[in-house]
Amino acid sequence: MRKITKSEVARGIYWVEIPDVGLRILCGCPMDSVKHLMKRGLIIPTEIKGVPCETGPNAILLSDIMLQNGEFSNLGEFPVLQMLYKQGLIIPNHPNNTGKKPLLIGQAEQVYAQMQYIYRGNYGLVSKEEIMATGVDSATADEMMRLKLKFAFGAIRPTQDLLDSCIVGDGDVEIRDGVMIRRKETNVFELEYRGEKVFVDLHLNEGKGYESAYPLGYQRISREYFGIIHSGEGDGWDINRPSMSSILMFQGKVYLIDAGPNLDYNLSTLGIGIDEIEGIFHTHAHDDHFTGVTTLMRAGHKIKYFATRLVRATVEKKVAALLSIEERQFEEFFDVQDLAVDTWNSIEGFDVKPVNSPHPLETTILVFRTLWEDGYKTYAHFADIVSLDVLKKMIEDDLSKPGITQDYFDRVQAEYLTPVNLKKLDVGGGMIHGVARDFREDKSGRILLSHMARELTPEEKEIGTNAPHGMMDILISGESDFARRNAFSYLTSALPNIPLYQLRILINNPIIDFNPGVVLFKEGDIPQHIYLILTGTVERIRTSEGLYSRQSGGALIGELAGLYSQPTRSTYRATGFVRALKISVALYRELVDQNNLMPRIEQTWENRSFLESTSLFSEGIPYQTFGKIVDSIHVRTFNPGDMIVCKDLTLLNIVRRGRVGRSIGGKQTDILEMRDFFGEEGAVFNTPCLFRLEALEVVETLQIPGELLGEIPIVRWKLFETYLNRARLVVHSDENSGAFRWNTAFDIQIMEMDTHHKKLIEIANAIVEILRTGQDKGSLELAFESLIDYTRYHFKAEEDLMERYGYPDLDQHRNKHCKLVERVLEYRESLRASDDYQQIDFKGFLTYWLIRHILNVDRQYGAFLHSRGVY
């Protein structure tokens, strides 16, 4: 019998078990990993010494890469909850509570990120000061903290109190009881016990995502005036259904209510493309309502994000922890629309009222309404809530103790029973979810029971009902032709200068439906029709070049090939039900000719066709935006041996031909070839180039201004994913010889400030590389400007944080900041006067200027903030 075994659970998830020492490792923990373990029988109900509980893992091996193919790789919230509570590893007097904590295994940065993300998932905002920073008054903040502490059994505890960690750095590391682990390469691990070994590779293949734990049937969804599509009725433990969520349809527009796991798959089965989504209403940041947020960050336009400031602050902190970014960067991907609590907020024809809901972290229930012939039609979405019995036990008259007042209880009860036309309820039960019996006297027209992983009981069936996936409740039926309205909007964007009467000619073409899996064009077909996608999603596949992408609302499938009577270069396939406007190529070409659009199309055809063949620009970009990008292109040629310098690195460069060598610290890291890109650091992320770039042969690049790209979420996301991995190499890798490597000793354990410090190290390493390779003074000047600007921003953020919590040495710390700014300005002046880079000891300056400050001064306020629950 083997001493160590490995089995594949699902794509990117493995199970490693060492029975002799009782170690069970979940390797890889993307969304719904617990559900996959349950389906494989690796988590099952059991009983130990008469106490019911579950089996399952007691350790998690984290991915080295936080994002893979656009999805979070490490989401340990639900696996940790399963270990702590369903297995009983933290429950007092439970037979499974042996004193050994669950274990997080992995790179120091990933372990720390998970600790912070789980901390925010447990508690949300952790202090009165954080709550008040969202605009809440002092009395309400006190009330919220009393409730939060009651849920937390009197104390907010850092994740380190609940979990142990095993940091996998260089060389062999003992996990526990003689079980060893070593990293063979990034994201590839070898585990060994008593001479037996297994290998675990946590990479996802290009174009592949994490799998859904459950299959969903395809639905053809009509676009209605005011309707609710039931896109999820389960919870985070339901292996057969998506977590509780809804889709609100208003005047044909699509709004999500929460974004749970497998959102892309869920939407695809409902025939909804990502670029059809107008906005999301977010109730709270628990993973079963949150993890789909990265899907929305990869749209072709900024999706509107509707939430209260309290909820948004919690979501921003979780996203920042998972991605090791700053909280403010959330707004780079969404059009943020803050909602006022306890009041009706007008949203382009309908209203929404968020009401704070008692829950361990910041949560709102949402009530929607729109005016109609007999008054308002209303829908209430109550996720998540708590039972009135649990809430009543929290009543505590002593305001100095955790709990709630009788008045608070009465307000919650009244809100729960507000009558509406349709009400959807969390009835998951337990300590932090609702129960159906609280709504027995509810006068609402129809009640739906949700957020559970079981069948309804007879008593629950007397109160409400459930809804199958994809069912729609139509509150106001649509009499307008929303499909043609959308077609008009898309065509106006694609062909902005043609007369209205000609647009009407195009719109009068037939609208057709494609079933899931139908191929619109095979590679090599010469289109006789162009398809304007109105709803649903179409895959674009070209296996010969490893290209895979998706197109949704507004995409013109077959346009260029049709206009030029050339074979299509890809296969196009419907992923779910797809609705499209079918336009004759002959008619389309005639209208293009009549409006003299062909010369411009011919002028840009080559560049546009090339960009569409790259992974960066292959999907999701609105037609008009794509046109602006193509119009902005400047073609740049480099000769063999040319160094690619600063002025070319303030633009994004797409390699059209040739090869570019990329190196750092004198070591080549990789070679960029056709369709690869570089320069995103300066073009989009305002950072000096992190690498030395050299043309290895004649190189031609298409240069694009960064300001056009930063506002396209899907492009920004792809650039960000690449930039993140490259920046990690610069800050953490041994390959960057001669530069600064981030050391865990630099961590002050305040997540946002550690992120700032890493950014400063990243910029500093760019300066080291500029000095080492003797680049021009223009490059050095821009790099120092970036360092100084970010230093000022960081110091201001640090001082604001200290002021918020009343740090007693703030004035002294602020004075030190002023002196540090003076020193770096003086140092820049000395560099301007120097012509010999080899004599410059920038590393020595940085060690004195920044590293000592972090180690000796910042650690002091870090310890102070830890005492206030800030990490």
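Which helix holds F845? In this predicted model, where local features need pLDDT of at least 70, side-chain atom pairs count only at pLDDT 80 or more, and totals for chains, interfaces and linings use all residues, F845 lies in helix 24. Residues are numbered from 1 along each chain as its sequence is written, and side-chain values use heavy atoms, with hydrogens and water left out. Helices (H or I, at least four residues) and strands (E, at least two) are DSSP runs numbered from the N terminus. At 12% relative accessibility, F845 counts as buried; here buried means under 20% relative accessible area, exposed over 50%, and partly exposed in between, with a 1.4 Å probe and protein chains only. Not counting residues up to four places away in sequence, F845 touches R823, V824 and Y827, contact being heavy atoms within 4.5 Å. From F845 to T370 the distance is 63 Å, C-alpha to C-alpha, and the two are 475 residues apart in sequence.

The overall picture comes next. The protein chain has 24 helices and 42 strands. Its radius of gyration is 28 Å, close to the 29 Å that the globule rule gives for 871 residues, so the chain is as compact as a globular protein of that length. That radius is taken over C-alpha atoms, and the rule is 2.2 Å times the number of residues to the power 0.38. Along the principal axes, the C-alpha atoms fill a box of roughly 75 × 70 × 65 Å. Of the 871 residues, 60% count as buried. Among contacts between residues at least 6 apart in sequence, 72% join residues at least 24 apart. The chain exposes about 33,400 Å², of which carbon and sulfur atoms supply 48%; accessible areas come from the Shrake-Rupley method with a 1.4 Å probe, and for residues only the protein chains shown count as cover.

Inside the chain, the largest nonpolar core has 102 residues, and those with the most contacts within it are L296, F334, L611, F617 and I654. Helix 20 (residues 713-732) gives the most to this core, with eight residues. Apart from it lies another core of 46 residues, among them F746, L760, L780 and I854. A nonpolar core is a set of buried Ala, Val, Leu, Ile, Met, Phe, Trp, Tyr and Cys residues joined through side-chain atoms within 4.5 Å. The partners of I654, leaving aside neighbours within four places in sequence, include F610, L611, F617, R675 and D676.

Y119 lies in helix 3 (residues 108-123) and Y871 in the segment after helix 24 (842-866), so the pair ties together parts that are 752 residues apart in sequence. Both Y119 and Y871 are buried. For these assignments, rings of Phe, Tyr and Trp (its six-membered ring) pair if their centres lie within 6.5 Å; planes under 30 degrees apart count as stacked, over 60 as edge-to-face and the rest as tilted. One aromatic cluster is formed by Y225, F226, F250, Y255, F281, F306, F350, F368, W372 and Y379. Charged groups also meet rings: K318 lies over the face of F290, at 4.6 Å from the ring centre, and R662 over the face of F691, at 5.4 Å. A charge sits over a ring if NZ of Lys or CZ of Arg is within 6 Å of the ring centre and within 35 degrees of the ring normal.

Helix 2 (residues 77-86) is mostly covered, with seven of its ten residues buried: E77, F78, P79, V80, Q82, M83 and L84. These buried residues pack against several elements, including strand 3 (23-27), helix 1 (33-39), helix 3 and helix 8 (309-323). Just after helix 2, G88 takes a positive phi of about 90°.

Some backbone details close the survey. The peptide bond from A383 to D384 is cis, with omega near -5°, and D384 is placed in the loop between strand 24 (375-382) and helix 9 (388-392). F153, a residue other than glycine, has a positive phi near 55°; F153 is exposed, with a relative accessible area of 70%.
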